[in-house]
Amino acid sequence: MGILQKYGLDDSINEPVTEDDIALEISELLADIEHIEKKHSTVLVGERSHLNDPYVDCKGMTRGQCAHFFSVWRNGILSRYMKR
């Protein structure tokens with residue numbers, strides 16, 4: 001369950017993101033990475049190596065901005081690997 005699933009589109013989506021929110025998005029992204037790895041019998045070392053970066057990158061964002069940040073990241077990964 002990501003930020004949007006947890007908070008929906010009510011006013012709390014405009015509150016500052018917390019470390020728990022970021023961890024929630026990272027766990028969702030990690031599940032997608034694991035799905036791709038299993039499907040393609042590979043390890044996405046590059047994607048896994050950046051999983052701690054959002055704690056710095058998302059600092060000062062709202063929950064909605066953070067959800068968008070992860071959405072763009074997730075879509076990039078999926079578009080590279082799921083078309084094969």
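**Charged pairs and burial**

Modeller: The side chains of Arg74 and Asp32 form a salt bridge, at 2.7 Å from N to O. This is a predicted model: local features need pLDDT of at least 70, side-chain atom pairs count only at pLDDT 80 or more, and totals for chains, interfaces and linings use all residues. Residues are numbered from 1 along each chain as its sequence is written, and side-chain values use heavy atoms, with hydrogens and water left out.

Biologist: What makes Arg74 buried?

Modeller: Buried means under 20% relative accessible area, exposed over 50%, partly exposed in between (1.4 Å probe, protein chains only). Arg74 has 14%, so Arg74 counts as buried.

Biologist: Why is Asp32 called partly exposed?

Modeller: Asp32 has a relative accessible area of 25%, so Asp32 is partly exposed.

Biologist: How do you know that Arg80 and Glu47 form a salt bridge?

Modeller: Their side chains meet at 2.3 Å, N to O. Arg80 lies in helix 5 and Glu47 in helix 3, so the pair ties together parts 33 residues apart in sequence. Helices here are DSSP runs (H or I, at least four residues), numbered from the N terminus.

Biologist: Is Glu47 buried or exposed?

Modeller: Glu47 has 12% relative accessible area, so Glu47 is buried. Arg80, at 41%, is partly exposed.

Methods
Salt bridge = Lys/Arg side-chain N within 4 Å of Asp/Glu carboxyl O. Helix = DSSP H or I, 4+ residues; strand = E, 2+ residues; numbered from the N terminus.
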